[in-house]
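I set down here what I looked up in this structure, entry by entry. The notes follow the order in which I consulted the model.

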Amino acid sequence: MVALGPLPKIWLNGELVPWEEARVHVLSHGLHYAYSVFEGIRSHRTPHGPAIFRLDDHLERLGNSAKIYRMKLPYSTAELRHAAIELVQANGIADAYLRPIAFSGYGEMGLDPSHSEIDVAIGEWYWPPLLGPTSEVGGTRATVSSWTRIDSRSLPPQAKCAANYANGALAKMEAIAGGYDEAILLNSAGMVAEGTGENIFRVKNDVVSTPPASSGILRGITRDTVLQLLHEEGIAFQRTDFTREELYSADELFFSGTAAGIAPIREVDGRPIGDGRHPITDRIHRLYEECAQGLRPGHGLWLTYLEPQQLEQAVAGEMQARDQAQAWAAYAK
Ligand SMILES: Cc1ncc(COP(=O)(O)O)c(C=O)c1O
């Protein structure tokens, strides 16, 4: 956990307000019933100025989460896009984490939120990689949780709703209490699903596997980035279920997520993973960082710059970016 350090502004219901004044009522409906959908996004320093990574994809997922929950967002995607840019400009830090959130506000109680006003905010703060410095160097120590990942018969895992995170919090606390850094949740079929805030990848004999969307995961945008990079690099990959014991026998394991980045897993339940080296993980980590920091040609369209002319500079001479994005869209599942 990292303590929140205040930045000058938070965007709340259409306005930039001082950090300390971004308050809601304790009887806000969403606080009681978790009727709240959100996103986690990062901005990074690039050679052309600060840029937000895959902003449009995150806003699309926010729209889908709201739709699944019959929540009518009071702002359009274009308005939220503009709000995110305005906030990053106002706070003036390039490397930051952005948290758009929409939740049922003050005014009504009871389980049916359909008459509640929806409050929308975007917070921003500095957040180092979620699994701590060891995740970048030696790797995370993980454990298979005794808690089962929610499935779509009870709560929709593909909606990024606050309610889902009670499941993750139970698993995370259990892992920490047991002396580990992170939990890996199995789904109700006993197959590997994901971490508490990350997707998971397994490398065995140079083939990379990650559980499919149907396994109870959140469809991570970092996961999609990793799959696209594997495709570009000609590294074999599959979206397939795997078991707990296949975690233990992996050559490499890593987590992927906006907050965590690409984080190698060093051990699971006291069993060291592979021989301790993680060349494919390291390669993907480097490529991912290059994309996020605007250093990898062909991925300019993943970056939202604060000023339109920065985008023009950044994508000038790399029009294959659009072709690549379209080719991947046709291929991605
Ligand atoms: C449960 C869960 N799985 C996976 C992810 C990774 O998703 P992304 O790569 O879009 O950050 C997250 C993070 O939002 C998450 O909370």
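**Entry 1: a buried arginine in a loop.** I began with arginine 54, which counts as buried because 23 C-beta neighbours lie inside 10 Å. By the definition I used, a residue is buried if 20 or more other C-beta atoms lie within 10 Å of its own, exposed if 12 or fewer, and partly exposed in between, with C-beta atoms placed from the backbone. Arginine 54 lies in the loop between β5 (51-53) and α2. I noted a positive phi of about 55° for arginine 54, although it is not a glycine. For these element names, helices (H or I, at least four residues) and strands (E, at least two) are DSSP runs, numbered from the N terminus.

**Entry 2: basis of the notes.** I record that this is a predicted model, in which local features need pLDDT of at least 70 and side-chain atom pairs count only at pLDDT 80 or more, while totals for chains, interfaces and linings use all residues. Residues are numbered from 1 along each chain as its sequence is written.

**Entry 3: helix α2.** I then followed the chain into α2, which has 14 residues and reaches 20 Å from its first C-alpha to its last, close to the 20 Å expected at 1.5 Å a residue. The expected span of a helix is 1.5 Å times one less than its number of residues. Which residues of α2 are buried? I listed Leu55, His58, Leu59, Arg61, Leu62 and Ser65. Seen down the axis of α2, these buried residues fall within an arc of 155°, so they line one face of the helix. The arc is that of the directions from the helix axis to the C-beta atoms. After α2 comes arginine 70, whose phi is positive, near 55°.

**Entry 4: alanine 34.** I looked up a further positive phi at alanine 34, about 60°, although this residue is not a glycine. Alanine 34 has its place in the loop between α1 (29-33) and β3. With 17 other C-beta atoms within 10 Å, alanine 34 is partly exposed.

**Entry 5: the two domains.** The domain assignment of the protein chain gives domain 1 (9-125) and domain 2 (133-292); such bounds come from an automatic or database domain assignment. Taken over C-alpha atoms, the centres of domain 1 and domain 2 are separated by 26 Å. To their contact, domain 1 gives 18 residues and domain 2 gives ten residues. Two residues are in contact if their C-beta atoms, placed from the backbone, lie within 7 Å. On the side of domain 1 that touches domain 2, β3 (36-38), β4 (41-44) and α2 (55-68) each supply at least two residues. The largest share of that side, five residues, comes from α2. By class, I found eight nonpolar, five polar and five charged residues on the side of domain 1 that touches domain 2. Here Ala, Val, Leu, Ile, Met, Phe, Trp, Tyr, Cys and Pro count as nonpolar, Asp, Glu, Lys and Arg as charged, and the others, Gly among them, as polar.

**Entry 6: helix α3.** The 15 residues of α3 (residues 77-91) should span 21 Å at 1.5 Å a residue, and its end C-alpha atoms are 21 Å apart, which agrees. I found Leu80, Ala83, Ala84, Leu87, Val88 and Asn91 buried in α3. Down the axis of α3, its buried residues fall within an arc of 130°, so they line one face of the helix. An α-helix has 3.6 residues a turn, so residues three or four places apart point the same way. Just after α3, glycine 92 takes a positive phi of about 70°.

**Entry 7: the ligand shell.** How many residues surround the ligand? I recorded 14, the closest being Gly220, Ile221, Thr222, Gly257 and Thr258. A residue is near a molecule or strand if its C-beta atom, placed from the backbone, lies within 6 Å of it. Both α6 (221-233) and β14 (252-257) supply at least two residues of this shell, and α6 gives the most, with three residues. The shell divides into two nonpolar, nine polar and three charged residues.

**Entry 8: helix α6.** In α6, the buried residues include Ile221, Thr222, Arg223 and Thr225. Glycine 234 follows α6, and its phi is positive, near 70°.
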